[in-house]
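Here is a short note to read alongside the structure.

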Amino acid sequence: MTRSPVLAVSGVPGSGKTTLCKAIQRATGATIVAYDQYEQITQTPLDELMLWLDGGADFAEIEAPGLTEAIDRAAQQGPVILDSPLGRALPECAPHIGFQIWLDCPSDLALGRKLKQFLDLDSGPERFDWVSNYLAAYPAVVRPLFLLQQERVPILADAIIDATQALDKSIDEVIDVARAVFDLNPRIRH
């Protein structure tokens, strides 16, 4: 069975993964598979997450039931964009990824973007609960996890894109990479 290429876009929450994945999809017609639809780590109690972090935070212990099956199903239909904070650092996904982009974004900027995203939602008072919980967990869990991602994930990436630059520039860069990976227009600007 023929399998199309899988391009992973990885970075800390708030780095712009979803925005850039949607831009790639519009430009290439590729299917997006989003880790967030399969992840379970955000449902884990904070005390368990802190123990996991203290124990070395083995990414192989992160569960995302159905994710690799979704990647495979989509790759049988055509090119795939994997919107994932970990990319190849999530061991079950590594063999499925043909090319990985890391969006390099400082933790403080990512935090600001994530807060803005949820405060901009028109979801009523629930968004304030989410922001409050996120900020409460930030020092002990979220920031240490960001730092682990920034240490472990970029070394597995094929390309690193500066996520602090103007959004249009980031979009142009990821679309050029995606076209080359998907063999749609193999020019990559450097």
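Predicted model: local features only at pLDDT ≥ 70, side-chain atom pairs only at ≥ 80, totals over all residues.

1. **How to read a helix pair.** Two packed helices are described by the angle between their axes and by the distance between those axes. Look for both values in each pair below.

2. **α4 and α5: the angle.** Helix α4 covers residues 107–120, and α5 covers residues 126–152. Their axes lie 11 Å apart, at an angle of about 155°. Angles over 145 degrees count as roughly antiparallel, so α4 and α5 are roughly antiparallel to each other. The crossing of this pair is right-handed.

3. **α4 and α5: the contact.** From α4 come Ser107, Ala110, Leu111, Lys114, Leu115, Phe118 and Leu119. The α5 side includes Trp130, Val131, Tyr134, Leu135 and Tyr138. Sorted by class, the contact of α4 with α5 holds 13 nonpolar, 2 polar and 2 charged residues.

4. **α2 and α5.** Helix α2 spans residues 46–54. It packs on α5 at an angle of about 40°, and the two axes are 10 Å apart. The pair is therefore oblique. Its crossing is left-handed. On the α2 side, Leu46, Leu49, Met50, Trp52 and Leu53 make the contact.

5. **α1 and α6: the angle.** Helix α1 runs over residues 17–28, and helix α6 over residues 167–181. The angle between them is about 55°, with axes 9 Å apart. That makes α1 oblique to α6. The crossing of α1 and α6 is right-handed.

6. **α1 and α6: the contact.** Thr19, Leu20, Ala23, Ile24, Ala27 and Thr28 of α1 take part. The α6 residues include Leu167, Ser170, Ile171 and Val174. By class, the contact of α1 with α6 has 9 nonpolar, 3 polar and 1 charged residues.

7. **The largest pocket: size and centre.** The largest pocket holds about 1,400 Å³ of space. Its lining has 44 residues. Which of them lie nearest the centre? They are Pro13, Asp36, Lys114, Trp130 and Tyr134. Now look back at the α4–α5 pair: Lys114, Trp130 and Tyr134 are also part of that contact.

8. **The largest pocket: its lining.** The elements that give two or more residues are α1, β2 (31–34), α2, α4, α5 and α6. Helix α5 gives the most, with 9 residues. The lining residues divide into 23 nonpolar, 13 polar and 8 charged.

Definitions and conventions
Residues numbered from 1 in each chain as written. Heavy atoms only, no water. Axes fitted to C-alpha atoms, helices over the stretch in contact; angles between N-to-C directions. Helix = DSSP H or I, 4+ residues; strand = E, 2+ residues; numbered from the N terminus. Parallel < 35°, antiparallel > 145°, perpendicular 65-115°, else oblique. Left-handed = near helix turned anticlockwise from the far one by under 90°. Contact = heavy atoms within 4.5 Å. Nonpolar A, V, L, I, M, F, W, Y, C, P; charged D, E, K, R; others polar. 1 Å grid on protein atoms, 1.4 Å probe; cavity = no way out; pocket = protein on both sides within 12 Å on 5 of 7 lines; lining within 4 Å. Points joined across faces, edges and corners; volume = space filled by probe spheres on them.
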